[in-house]
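Subject: Structure handover

Hello,

Here is the structure I promised to pass on. Please open it alongside this note; my findings follow below.

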Amino acid sequence: MHFIKLNNLLVIALVSTSLLSSYAYPGFNFGWGGRNHGSRGGISYGLSPQFYQFSCPQANDIVMSVLEKAMAKNMRIAASLLRLHFHDCFVQGCDASILLDDSPAIVSEKNSGPNKNSIRGFEVIDEIKAKLEEACPQTVSCADILALAARGSTILSGGPNWELPLGRRDSRTASLIGSNNNIPPPNATIQNLITFFKRQGLDEVDLVALSGAHTIGVARCATFKQRLYNQNGKNEADVSIERTFYFGLKTMCPRSGGDNNISPLDFGSPRMFDNTYFKFILQGRGLLNSDQVLLSGGVIKTQELVKKYAQDEAFFFQQFAMSMIKLGNLRPITGFNGQVRKNCRRVN
């Protein structure tokens with residue numbers, strides 16, 4: 001309850017503090033408490049699925065409209081946008097640092113080893129941002145756009161939906177070193193993968209579930225060539241590769257050259273978000289080393305999860321959604337920190 005003096009009359013205003021805040025600061029729907037929240041001056045600002053309820057209620061519809069058109073032109077874009085969100089969150093948290101271009105003050109993450117010549121989808125993010133700026137100027141952050149685009153890409157590919165916490169702000173910095181050091185490489189061992197994920201507060205369940213995003217998309221020959229020709233430094237193939245699959249890969253990924261040739265990560269249904277990826281791993285047909293070691297790496301927990309997800313698609317979908325929420329909650333910038341960029345490629 002608030003007492004407001006208007007024209008020397010005392011008026012009792014039955015307005016909640018949170019509602020006042022939403023209108024006073026468009027885009028700020030303050031949440032209290034909870035994990036992974038930011039703080040300033042003793043006040044906590046949490047992420048909330050209702051964050052844009054008043055300031056930009058049409059935000060998700062705009063994102064989905066752009067995604068539908070982009071995917072109709074190029075089905076690969078769904079996997080690219082999922083990867084973009086992942087590669088963003090693993091560096092400085094989910095702060096859209098990956099979207100920043102080189103400038104006098106910024107060394108772009110786009111030039112890191114994991115990203116150079118392979119990270120894609122920036123033009124789609126640009127289009128989404130432009131339409132959101134028309135509808136709700138300086139309201140929806142680029143970091144939230146990445147999270148919304150990742151969820152939308154999953155849904156439009158036949159995968160699960162989830163209630164997405166929103167309210168991230170955009171960073172004013174990028175980290176080329178962080179991008180080089182924190183994103184798991186495709187030739188990682190199972191212990192490497194577990195270590196990379198644990199650094200982010202993610203466990204083995206998150207590792208296997210999020211790896212399931214490889215049910216859509218493709219990989220370059222350069223990312224799995226080692227498995228075909230020199231897995232252990234002895235000019236030999238990875239023994240865990242199923243033989244028919246191995247010979248098929250050799251035809252499109254020769255020992256010399258062809259590094260940019262692409263192969264689906266899931267040969268069975270490369271455009272559908274399903275659990276076929278895990279079924280292929282059980283057959284020795286995981287494309288990347290980081291895929292197959294989920295089963296062949298000798299870690300019982302990840303082996304069991306691969307088998308469960310291969311048997312039960314609904315269970316995989318449920319866990320993928322939970323792990324995507326957990327991923328999206330990595331060290332967000334919230335409250336009055338950071339900024340909402342007008343252009344996702346540069347700071348305001």
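Does D126 count as buried, partly exposed or exposed, and at what relative accessibility? D126 counts as partly exposed, because its relative accessibility is 25%. (Buried means under 20% relative accessible area, exposed over 50%, and partly exposed in between, with a 1.4 Å probe and protein chains only.)

Some ground rules before the rest. This is a predicted model, in which local features need pLDDT of at least 70 and side-chain atom pairs count only at pLDDT 80 or more, while totals for chains, interfaces and linings use all residues. Residues are numbered from 1 along each chain as its sequence is written, and side-chain values use heavy atoms, with hydrogens and water left out.

Salt bridges

The count comes to 10 salt bridges. (A salt bridge is a side-chain nitrogen of Lys or Arg within 4 Å of a carboxyl oxygen of Asp or Glu.) Three of them are described here.

D126 pairs with R345, at 2.7 Å from N to O. The two residues sit in distant parts of the chain, 219 residues apart: D126 is in helix α4 (residues 122-135) and R345 is in the segment after α14. (Helices are DSSP runs of H or I with at least four residues, strands are runs of E with at least two, and both are numbered from the N terminus.) R345 has a relative accessible area of 22%, so R345 is partly exposed.

D203 and K326 also meet in a salt bridge, at 3.8 Å from N to O. This pair again links distant parts of the chain, 123 residues apart. D203 lies in the loop between α7 (190-199) and α8 (204-211), and K326 lies in helix α14. Both ends are partly exposed: D203 has 32% relative accessibility, and K326 has a relative accessible area of 31%.

K110 and D101 form another bridge, with their closest N and O atoms 2.4 Å apart. K110 is buried, with a relative accessible area of 13%. D101 is partly exposed, at 26%.

Disulfides

A search of the whole structure finds four disulfides. (A disulfide is a pair of cysteine sulfur atoms within 2.5 Å.) With bonded cysteines counted along the chain, the pattern is 1-4, 2-3, 5-8, 6-7.

C142 is joined to C344, S to S 2.1 Å. The torsion about the S-S bond is about -95°, so this disulfide is left-handed. C142 lies in helix α5 and C344 in the segment after α14 (313-328), so the pair ties together parts that are 202 residues apart in sequence. C142 counts as buried, at 0% relative accessibility. C344 is buried too, with a relative accessible area of 2%.

C221 is joined to C253, S to S 1.9 Å. This link is right-handed, with 70° about the S-S bond. C221 is in the loop between β5 (218-220) and α9 (225-229), and C253 is in the loop between α10 (243-252) and β6 (262-264), so the pair ties together parts that are 32 residues apart in sequence. Both C221 and C253 are buried.

C89 and C94 form a disulfide with sulfur atoms 2.0 Å apart. Their link is right-handed, with 120° about the S-S bond. Both cysteines, C89 and C94, are buried.

Helix packing

What do α3 and α5 do where they meet? The axes of helix α3 (residues 76-92) and helix α5 (residues 142-156) come within 8 Å and cross at roughly 140°. (Axes are lines fitted to C-alpha atoms, for helices over the stretch in contact, and angles run from 0 to 180 degrees between N-to-C directions.) The α3 and α5 crossing is left-handed. (That is, the near helix is turned anticlockwise from the far one by less than a right angle; clockwise would be right-handed.)

On the α3 side, A78, L81, L82, L84, H85 and D88 take part; on the α5 side, L146, A147, A149, A150, S153 and T154. (Contact means heavy atoms within 4.5 Å.)

One last residue

A314 is in helix α14. A314 counts as exposed, at 53% relative accessibility. The C-alpha atoms of A314 and G159 are separated by 9.7 Å, and the two residues are 155 apart along the chain.

Best wishes
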